[in-house]
Amino acid sequence: MKTLSYLRKYFSCLILSLLGLGLLPYALADDYPDRPIAVTVAYSPGGATDFQARLVTMMAAQEDYLTQPIVIVNKPGAGGQVGWNWFAEKADADGYQLAAYNVPHFIAQSIVFDTKYSIDNLEPIANWGADPAVLIVNADSEYNSAEELVEFAKNNPGKVTVSGAGQFTGHHIALLQLAQATGAEFQYIPTKGGVKAMQRVLGGNVTAGFNNLSDSFRSKDKLKILAIADLERNTEFLPDVPTFKELGIEVDNSSVNFRGIMAKKDTPPEVIDKLAAGTVKMFEDGKVAKKMNEGGSPMHIMSRDEVVTMWQERQAYLTELLKDLKKE
Amino acid sequence: MEFIQYFPEVFTFSNLTILILGTMGGLLLGATPGLSPTMAVALLIPFTFHMQPAPALILLGAVYTATVAGGAVSAILVSIPGAPANIATMLDGFPMARGGKAMQALHYCFISSFIGGMLGVLLLVFFTPVLSNVALKFGPSELFWVAILGVTVIGSLGSGSVLKGLFAGAVGLWLSTIGYDPILGEERFVVTDHLAGGITIIPALIGLFAIPQVLGMLEVTEHQQAKMLALESQSIWQSIKYNFSRIKALTIGSIIGMVVGIIPGAGGQVAGIVAYDQTKKFSKEKDSFGKGNPDGVITAESANNAMVGPSLVPLLTLSIPGSPTAAVLLGGLLINGLFPGPDLFTIHAQVTWTFIDSLIVAQVVMLIFGLTISRYCRFVTRIPQYYMAAAVTVLAVFGTYSVQNSMSDVFVMMTIGTLMYLASKIGFSPAPVVLGLILGPIAESNLIEGKLIAQSGDGFVAYFMSGGINLTLIALCLLSIGYSLVTELIRVKKSRENTI
Amino acid sequence: MSKLLIPAGMFALALLLLFAGLSGSNQEAFLFPNVVAAIMVVIAVLTVVNYFKNNSTEKSKPIPWLVILPALLIFILYLTFAELIGFYVSSFIAFTAIVMIYMPGRFEISRSLKIALVGLLFMAALYSLFTLLLKVQLPRGLFF
């Protein structure tokens, strides 16, 4: 009896609610994009990727760029795996859900772990930044050059601890390359994010660290920056720091952290073209460049075609480097 | 006294307008479920894009200050803590509101926030050079012990038995391990796809506190409801007088807040709870905590806001953020060309001091604005329980979804909430579970990191159990456990005597 | 006797979690959860011992299943259909359903109109906060 009265009450409410529906504003699908675009960042707010993604997408709503604002959604966890897995599996391929990528992180993870993403089910849109990894030690450290550190590590295998931002990030790749090139053995200490990894070096908890060039540059008076894992010196920020190649150590630019925006594979080609054109123009905006520069974040704009090639090169190289580490 | 000369900078018309709007907006954002202070500041960073450095930082500082207090408003009035920091505020604030003392609870909340916040900022102003290197003393082993110290607090947090409290805390710790492990990237306990992202704190927080409250409201009969709605009013002056008479709660809260703020990574999330626990332990009326004791609100809010200033010390000097929100604030500093370090107080002194001064002014604006809106809380408390329950349900779903646009989070929130409702009927409380969820990842990642470092050095025991800070922390842990056990024994003995 | 159910349940849960962890493939990754589960087992044993020694005086409150069942049902339907029919519409239905069912007194048309109006206003407030101000993209589903 009581249930019946529940039901009766309820149905009358349902009818009223459906009537009310007609009053709600209802947007019809128009030309893409007709509503804000979400960009998933696989790291937590406050990290370098999150911070840069917010900066470079700030002008999206302008008429010449994407005409609609971009909203950042953070899905952190497991060095990016949680967010990218979600994106590859659950996100809509309609151009309204995009994600920020970090190369080599996501490619390396897709090789080593059983992830739901790989370069085969993702489409790059454009690249906004490149941040090389640098080898750092505390200012009070007894090591004054990369050679000294490598020499000690060779004589004391496993005694040298090196911090970096998580598993199979650019920092980790750089250390793997260093170990492979010199034959020395290091103990990698993965931390949650680059800031933590820097803190371990500043606090003297670890022997050395690989960290972002931009962050190391900011803390340069408390650090010794020993070498840079890139093909050329960074003339703008650190003109005096040698590359590994100059020191005779075969570490190239494979660990450089490229940041950009990607979509899902099945996104309609027209949408991808529109995005690819709009985002590059947006990244090139003078205001964006100014703020990025003030924040000490190196910009490196690459078009969609360039990124496609870069992804494939990294995929080939990392498959070779990591072949012994692959987990079933 | 350098900071005084930059005050006029804050009081220009446009800067003051930004500060007032930022404070009011921050209170609103902070009161929105699911929108933590961290998210609120992150959302505002693009906003500051078109501004000059000084007003941009004033806006961020005002919002940071106000969202922390805003979370307390929703905790007190609708039992949804805006951020983990506000859990402790809710433990006594919501019972006070249910008992017709919503206005008093809000008054104490804003007054204590103000006092704690001011002390915190003053610590920042005067002791930054002295304190700047403290943050670096906390490596993996120290942070591990800090987390364990937090865990030992768990047992005495609940209102019932210490054993049940500890068990609930352990459940929280265990729940935090669901998902990928922090170092090896291994999947753990992912029984459904919805758990792949793990149990994130804000959804869990909303579920554990709001859902049992919703179901509790629906249980209430009409008769009981009439009794609860009588709202006592109290003048602001009376509140201020009373607030200052609770000097012990205020002092404990402010000191613990400041200490926790300086330790990076421990997160201001636990400042309120630790302060609450200590105040309870030092109180003569332990049983009244959790049932609407004003001391609970006073100590928790003074701790939450006392943490804001000190958490900026390692940020401004070493670019190491003391809390997740400070981490986002770092971005705000960077885009305005302010690189943390010595330059901040020399070359950029003007902008830096204007920013710090704006934190002080924001505290004042928040106090005035908060006390003014407190009287309108009757509009919320007068809402009938069935409307309230329906609104909180929908808000919980919206808030949870908006954290990371995830329906899985909403399912997790609802499931955890319903289970918590059932568990509350057999004497478990949600606070230890949340504390376990917060501390779990801190304890685990520092344990594993420390283990890796220890393996290539002197070994596990030597690494974790040497050094002044480690030993002090271990001693504090033992003290805390010992205290809990003794009080539990006394409690059992008493209840036995009563039954005989 | 039924009071023993709680400590026994705690013990069973702790054991279950411990075995779940021990059956994991890479034990290195399960170190922390297993330590926690082991501590849970110890706490549960202490609770059982405590029960027999002290004959615990703690009372548990009854669960009013009949009262909360409709609410739980609404929760389940709400979450199941939220993505399908759209966030705002399903929230509106859930909101009005809870109020209608739990509002004391008899059913009247005028009152349901009022509830629907309040629901609409509430949705409008949520829309301006979440969609307009915060630009959260909520699932639109079939309707809105």
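Of the 328 residues in chain A, 61% are buried, a term that stands for under 20% relative accessible area with a 1.4 Å probe, protein chains only. The model is predicted, so that local features need pLDDT of at least 70 and side-chain atom pairs count only at pLDDT 80 or more, whereas totals for chains, interfaces and linings use all residues. Residues are numbered from 1 along each chain as its sequence is written, chains are lettered from A and ligands numbered from 1 in the order in which they are written, and side-chain values use heavy atoms, with hydrogens and water left out.

Chain A has 11 helices and 11 strands, which are DSSP runs (H or I, at least four residues, for helices; E, at least two, for strands) numbered from the N terminus. An automatic or database assignment divides chain A into domain 1 (37-131 + 256-321) and domain 2 (133-247). The contact between them, meaning heavy atoms within 4.5 Å, involves these residues:

| Part | Residues in the contact |
|---|---|
| domain 1 of chain A | 19 residues |
| domain 2 of chain A | 17 residues |

Between domain 1 and domain 2 of chain A, three residue pairs are in polar contact, both at pLDDT 80 or more; such a contact is a pair of N or O atoms within 3.5 Å, one able to donate a hydrogen and the other to accept it, and residues adjacent in sequence count only if both atoms are side-chain atoms. On the side of domain 1 that touches domain 2, α4 (105-112), β10 (257-264) and α11 (304-321) of chain A each supply at least two residues, and α4(A) gives the most, with four residues.

Methods. Buried means under 20% relative accessible area, exposed over 50%, partly exposed in between (1.4 Å probe, protein chains only).
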